[in-house]
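Hello,

Here is the structure I promised to pass on to you.

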Amino acid sequence: MMTYVVRRLVGTLPVLFLITLISFGIMHLAPGKPTDAAMSFNPKVSLEARQRMEALYGLDQPLMVQYRRWLGRMARWEFGRSFLDDRPVGEKIAERLPVTLTINLASLALILCIAIPLGVVAAVRPGGVFDRLTTVLVFIGYSMPSFWLALLCLVGFGVVLRWLPVSGLHSLDYESFGLLRRGLDAAWHLLLPVLIAAFTGLAGLSRYMRSSMVEVLRQDYIRTARAKGLSERRVLFHHGLRNGLLPIITLLGLSLPDLIGGAVIAETIFSIPGMGRLFYDAVMARDYPVVMALVTIGALLTLVGNLLADVAYAYADPRIRVGAEPR
Amino acid sequence: MSNRLALMGGCVLIGLALLAVTAPWLAPHDPLRITVSDALLPPSATYPLGTDQLGRDVLSRLLYGARISLVIGIIAVGIAVLVGTSVGAIAGFYGGWVDAALMRLVDTLLSIPTIFLLLAIIAMDPSERLLQLTSRVPLLGNLLTLVDPQIVILMMVLGLMSWMGVARLVRAEILSLKEREFVLAARVLGASPLRLIMKHLVPNAMGPVLVSATLGVGGAILTESVLSYLGLGVQPPTPSWGNILNEGRIALGVAWWLTIPPGVCIFVTVLAFNLLGEGLRDRISRRE
C-alpha cells in the first residue's frame, strides 16, 4: 500500500510543476507589463503599489529568475497582496474558502444520496420504465445550462413566490439572532445554491452509477450469490453495491474541478461571498496576485482530491494495489 | 429508443442550422438596430418575442445568436479534435518518454478548473497580442481582421482547453490498434511512421472521436453561454444567447422574454447534440 502511495505521489510532481508554469504564464499573456495592465484597467492601483509590485515580481529580471522567485514565494504560501485593497491574498482566500467548501460538500452529499439509489434502481432492470425515466432526466440534467436554471429559480422562488432569499449569506437582522437561528438562517440562504450545484452533478453520477451496477450485476459472483439462495436485497446491496461503488470513488476525484468551477457561476448569480465570487471579481479587476493564487490553489485542491480518490480506490480494491496504476 | 432520439436530435440540429443560415431573411428586424422608445416591450405582432432594454428585437437577436453559438461550438471542437488527435496519436504511437510527457500535460490541464483557466486567459485580453502576431502572416492576418478578434480568441481558448479527453481516447485506441496484424503488415511493407499514423491508425480511431466531438459541441456551446453571461464571452452588440441572458438580468422577473427564450435555445441545442452523440455511441459500440 505504502509503495503505491509513494509511486502515485512521485507521479504528481511533474503535474505540480506544469501547474505552476501555467499559473505563472497567465500573467504574462497580457499585453505589456503586468503592471501596465493593472494601471490602465484599474485606476485604483496607487503608484506606490505599482512600484512595490514591480520590485516584488522583479519585472526587470529575466523570466526564469522571475519564475524561480515566484515559485519560492508560493512554496512558502506567500501569495502577495491584492491590487484592489492591498490585503494579503492568503487572508482574502482563507476567509472565503469555508463558504465554498460548505456549498460544495453539502451539494456533494446531496448528489451521492440521490444519484446512488437512482443508479442502482435503474440498473436492476435495464431498459425498464424506471431506467428510461432516469435516462430522460439524465439527458435533461446534462443539457440544462445550470446558470439559467439558477436564474429561473431565483426569479421563481425568490422574486415571484418570495419563498427563498435571493442573495447573500445572511438576513439583514442576522446579528440579533442566537447561534441556532444563525445556522438556520445561513442554511436557508444556501439552500438554492446547493440545490443548483447538486443538479448539475447529479446527471453524470447517476449515469455512471447505473452503468457500473449493470456491469457488476452481470458478473459470475452475483449469479453465485443468487444461486446460493440469498435474498435479492442482500445480493443487491451486499454483493452488488459494494463493488458497483468502486468506480464512483475515482469519479468523485475527477469531478472536483467542476465543483470548484461551478462555484464561480453559483456564487456570482446568488451573490455569495465565496472563492468563486472572489475569483470572478479578481478576474474582472485584473487583480493578478489573487487570480494566480486561486488558479494554483484550485489546481492543487484537484490534485489532492485525485490523489485521495486513487488511494481510497487502492484501499478499497486490492487488485489496484497489486497490479499497475489504475487506468 | 436511442436511435429515434438521436434522429430527433439530428433533425433539430438541421433545423437550427437552417435557421442560422437564413437568419438575414427570417429576422423581422435588424438585430443591432436600437430604438430607445421601444425598450422592454412585451411580445407583440411587430416584435414577436419583445424587445430588450435598448429596444432591439429579441427574436432577431436570437436568430443571429444561433449563428454565433453554432459557429463557436463547431470551430472550438474542430480545434480540440485536431489538437487532441495529434497529441493522442503521437503519444500512443511513440510511447516511452514522449507518451509520459504528453500525458502529464493532459493531467495538468485536466486538474486546473476549466472555468478558472478560461476566465483568467480571456480576462488577460490576448486578442491584441494575437493580432500583432498574425499581422505578419500574409493571408491569415488579413482573414483575422475580417472577424471579431474577441470571437477568434474565444474559439481558440475553448478549443485549446478541451482537447484532453480526445487525446486520451485516441491514445487508448492507437495503443490497441498498433498491435494488430494489419498495422504490422503495413510496417513490414515499409510504411513510414507518418503514413502508419495517418493512413492506418488515426482513421480507425475516429469512431469514438466522432462521438466525443458531437457531445463536445454541446459542451462548448454551454461554456460559451456561461462566459457570455458572465460578460467575458461574446461582447455586445454582437448577439449571443449568453449575453442576451446577461442583458436580461437587469429586468429579471419583469421581462421574462429576455430570460426564458435564450435559455430554451441553449437547452434545446445542447440537448440535441447530446442525443445525437449518445445515438452515435450506441451505433459504434453495437458494431464492435
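Phe17(A) is partly exposed, since its relative accessible area is 45%, in what is a predicted model. Tyr67(A), by contrast, is buried, with a relative accessible area of 7%. The two belong together in what follows.

The structure holds nine aromatic pairs over all chains. In one of them, the ring centres of Phe17(A) and Tyr67(A) are 6.4 Å apart and the planes stand at 80°, so this pair is edge-to-face, the cut-off being over 60 degrees. Phe17(A) sits in helix H1 of chain A and Tyr67(A) in helix H4 (residues 63-75) of chain A, so the pair ties together parts that are 50 residues apart in sequence. You will also find a cluster here: ring pairs link Phe17(A) and Tyr67(A) with Phe24(A) and Trp70(A).

Another pair to look up is that of Trp77(A) and Phe79(A), which is edge-to-face as well, with 5.2 Å centre to centre and 65° between the planes. Which of these two residues is buried? Phe79(A) is buried, at a relative accessible area of 9%. Trp77(A) counts as exposed, because its relative accessibility is 55% and the cut-off for exposed is over 50%.

Now to the place where the chains meet. On chain A, 46 residues are in contact with 42 residues of chain B. The size of an interface is often given as the accessible area lost when the parts come together. Chain A and chain B bury about 4,100 Å² between them, and 80% of that is on carbon and sulfur atoms. Phe139(A), Phe147(A) and Trp148(A) supply 16% of the area that chain A buries against chain B, more than any other three residues.

How many salt bridges does the rule find across the interface of chain A and chain B? It finds zero. As for polar contact, four residue pairs are counted between chain A and chain B.

Several helices of chain A each supply at least two residues of the side that touches chain B: H1 (2-27), H6 (129-143), H7 (146-160), H12 (256-269), H13 (275-284) and H14 (288-316). H14(A) gives the most to that side, with eight residues. By type, the residues on the side of chain A that touches chain B divide into 35 nonpolar, eight polar and three charged.

Do write back with any questions.

Best wishes

Definitions and conventions
Residues are numbered from 1 along each chain as its sequence is written. Chains are lettered from A and ligands numbered from 1 in the order in which they are written. This is a predicted model: local features need pLDDT of at least 70, side-chain atom pairs count only at pLDDT 80 or more; totals for chains, interfaces and linings use all residues. Side-chain values use heavy atoms; hydrogens and water are left out. Contact means heavy atoms within 4.5 Å. Buried area is the accessible area (1.4 Å probe) that two parts lose on being put together, summed over both. A salt bridge is a side-chain nitrogen of Lys or Arg within 4 Å of a carboxyl oxygen of Asp or Glu. A polar contact is a pair of N or O atoms within 3.5 Å; within protein, one must be able to donate a hydrogen and the other to accept it, and residues adjacent in sequence count only if both atoms are side-chain atoms. Helices (H or I, at least four residues) and strands (E, at least two) are DSSP runs, numbered from the N terminus. Ala, Val, Leu, Ile, Met, Phe, Trp, Tyr, Cys and Pro count as nonpolar, Asp, Glu, Lys and Arg as charged, and the others, Gly among them, as polar. Rings of Phe, Tyr and Trp (its six-membered ring) pair if their centres lie within 6.5 Å; planes under 30 degrees apart count as stacked, over 60 as edge-to-face and the rest as tilted. Buried means under 20% relative accessible area, exposed over 50%, partly exposed in between (1.4 Å probe, protein chains only).
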